[in-house]
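Biologist: I have a model open and want to learn how to read it. Can we go through it feature by feature?

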Amino acid sequence: MSVDPHLLDDLEWRGLVAHSTDRDALLAALSEGSVRYYVGFDPTAPSLHMGNLVQLVTARRLQQAGHTPYILVGGATGMIGDPRDSGERTLNSPETVRSWTDKVRAQVSAFVSFEGTNGATVVNNADWTSGLSTIDFLRDIGKHFPVNRMLARETVRRRLESGISYTEFSYVLLQSMDFLTLFREHGVTLQFGGSDQWGNLTGGVELIRRADGGEAHAFATPLITKADGTKYGKTEGGALWLDPAMMAPYAFHQFWLNVEDEKVGELLRIFTFLSRDDIEALEARHAEKPFLREAQKVLADEVTTLVHGADETEQAKAAAQALFGTGDITTLSASTLAAALGEAGAVELEPGGGIPGIVDLLTLTGLAQSKGEARRTVSEGGAYLNNVRIDDPEHVPTARDLVAGSWLVLRRGKKRFAGVRVG
């Protein structure tokens with residue numbers, strides 16, 4: 001099938017190529033016809049996260065350019081885990097890994113198309129490692145890996161003093177064997193992954209050359225960092241998970257809405273499918289009027305829609321508008337309201353205890369530091385219940401005030417709000 005000859009230029013413009021094997025050879029391969037490529041995901045958690053999303057959108061870009069994806073879920077490599085700087089991983093049970101493998105398979109399958117002549121294939125490396133004997137693995141794979149080169153890998157070198165197990169030390173052999181297996185059985189000739197995987201990526205390329213005399217290619221995407229150089233992918237509640245059960249779409253949308261001005265252009269290039277012209281025009285408008293945060297709004301909408309769908313994006317936007325006083329709180333679903341108020345800070349009342357008055361509610365939620373301050377806030381017109389201003393310090397909400405069956409939304413001024421869940 002026909003392929004986009006400008007793919008590599010676009011990937012580089014978007015900042016998605018931190019390292020690559022021979023660029024000219026890679027460009028020639030991508031220009032001559034549909035290349036079969038793969039990217040792998042280890043089930044080391046019950047959900048993928050922001051770092052994995054870089055690889056998922058890159059896989060989609062390659063497929064849209066006419067190339068053929070093989071998405072690997074590491075049912076075998078997930079039993080071990082790639083070496084990391086922070087120290088030895090805790091090994092998860094086989095049952096846990098199998099459960100997470102199923103969840104990760106479902107997540108990755110949503111980002112590629114299984115239709116057409118370049119439809120995607122999802123594979124599990126447990127299928128070709130479970131029956132492999134140790135002797136065969138050492139003879140057929142291990143003999144191609146000089147120990148001095150394995151010791152030179154950056155992560156391994158940093159771990160030598162603190163200690164690294166033979167299990168994690170050997171991870172590169174397993175990932176390289178994945179590439180060799182897909183090369184032999186499916187004609188896969190390109191692998192990509194994060195820049196922290198560069199040693200594993202080149203290990204597979206070298207194994208294909210040594211074992212079969214074949215030619216393969218690899219490139220690595222960069223680590224995404226904040227303006228201060230620290231890693232993205234963390235929020236106050238933990239990792240930026242893609243599973244809505246682990247991070248609500250409202251919180252996901254808020255994360256992207258609040259990225260720094262210095263980084264929003266970079267993130268638009270990496271995570272959205274907007275054209276170069278559209279992104280550059282958006283960046284120009286943002287540079288002129290950054291206070292409008294137009295670029296962040298577009299970024300949040302595009303990425304949330306990509307991961308969670310347009311309906312959840314609209315719910316997240318409606319929740320933000322309602323909570324800040326410009327929308328109707330009563331239209332929000334219980335799950336969206338719970339997620340939004342959970343992010344802001346929520347208090348749960350004991351069942352059967354009744355509903356406190358507005359002064360006690362403001363104090364209980366931390367919107368006021370004392371009952372005196374709470375009374376002054378009400379008297380000065382700064383207290384709101386479900387976006388309705390309350391001017392009586394003696395006001396006591398009733399069951400009729402509960403939103404979505406169990407919530408009261410308290411707000412002080414324009415920007416500070418909190419939730420109270422009535423059991």
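Modeller: We start with the ground rules, then take the sheet, the helices and the backbone angles.

Modeller: This is a predicted model, in which local features need pLDDT of at least 70, side-chain atom pairs count only at pLDDT 80 or more, and totals for chains, interfaces and linings use all residues. Residues are numbered from 1 along each chain as its sequence is written, and side-chain values use heavy atoms, with hydrogens and water left out.

Biologist: How many helices and strands does the secondary structure of the protein come to?

Modeller: There are 19 helices and 13 strands. Both are DSSP runs numbered from the N terminus: helices are H or I with at least four residues, strands are E with at least two. The C-alpha trace spans about 85 × 50 × 40 Å along its principal axes.

Biologist: What share of the 423 residues is buried?

Modeller: Buried residues make up 49%. Buried means under 20% relative accessible area, exposed means over 50%, and partly exposed lies in between (1.4 Å probe, protein chains only). For contacts, the criterion is heavy atoms within 4.5 Å. Among contacts between residues at least 6 apart in sequence, 73% join residues at least 24 apart.

Biologist: Now the sheet. In what order do the six strands of the open sheet stand?

Modeller: The general idea comes first. Strands of a sheet pair through backbone hydrogen bonds, either parallel or antiparallel. Here two strands pair if DSSP finds at least two bridges between them. The order is S1-S6-S5-S2-S3-S4, with mixed pairing. S1 (19-20) and S4 (121-124) stand at the edges with a single partner strand each, so one side of each has no neighbour in the sheet.

Biologist: How does S1 join S6?

Modeller: Two bridges join S1 to S6 (residues 217-221), and the two strands run antiparallel. His19 has Ala220 of S6 as its bridge partner.

Biologist: Which strands does helix H3 lie across?

Modeller: H3 (residues 50-64) lies across S2 (36-41), S3 (68-73), S5 (190-194) and S6, at about 165° to S2. H10 also packs on the sheet, touching S2, S3, S4, S5 and S6, and its direction makes about 150° with that of S2. Axes are lines fitted to C-alpha atoms, for helices over the stretch in contact, and angles run from 0 to 180 degrees between N-to-C directions.

Biologist: What span should the 16 residues of H10 have?

Modeller: The expected span is 1.5 Å times one less than the number of residues. For H10 (residues 171-186) that gives 22 Å, and the end C-alpha atoms are 22 Å apart, which agrees. In H10, 13 of the 16 residues are buried, so the helix is largely enclosed by the rest of the structure. Gly187 follows H10, with a positive phi near 70°.

Biologist: How do I read a helix pair, and at what angle do the axes of H12 and H16 cross?

Modeller: The axes of H12 (residues 249-257) and H16 (residues 310-323) come within 9 Å and cross at roughly 75°. H12 and H16 are therefore roughly perpendicular. Residues in the contact include Tyr250 and His253 of H12, and Ala316 and Leu323 of H16. They divide into six nonpolar, three polar and two charged. Ala, Val, Leu, Ile, Met, Phe, Trp, Tyr, Cys and Pro count as nonpolar, Asp, Glu, Lys and Arg as charged, and the others, Gly among them, as polar. In H12, nine of nine residues are buried.

Biologist: How are H13 and H14 oriented, parallel or antiparallel?

Modeller: The axes of H13 (residues 261-271) and H14 come within 10 Å and cross at roughly 170°. The two are therefore roughly antiparallel. By class, their contact has four nonpolar, two polar and four charged residues.

Biologist: Last, phi. Where is Arg293?

Modeller: Most residues other than glycine have a negative phi. Arg293 has a positive value, near 55°. Arg293 is in the loop between H14 (276-288) and H15 (294-308), and is partly exposed at 28% relative accessible area. Ala404 also has a positive phi, about 55°. Ala404 sits in the loop between S11 (388-389) and S12 (407-412).

Biologist: Which strand does S12 form a hairpin with?

Modeller: The partner is S13, with three residues between the strands, and Gly413 there takes a positive phi near 70°. S12 and S13 (residues 416-422) pair antiparallel over six bridges. Val409 stands opposite Gly419.

Key
Parallel < 35°, antiparallel > 145°, perpendicular 65-115°, else oblique.
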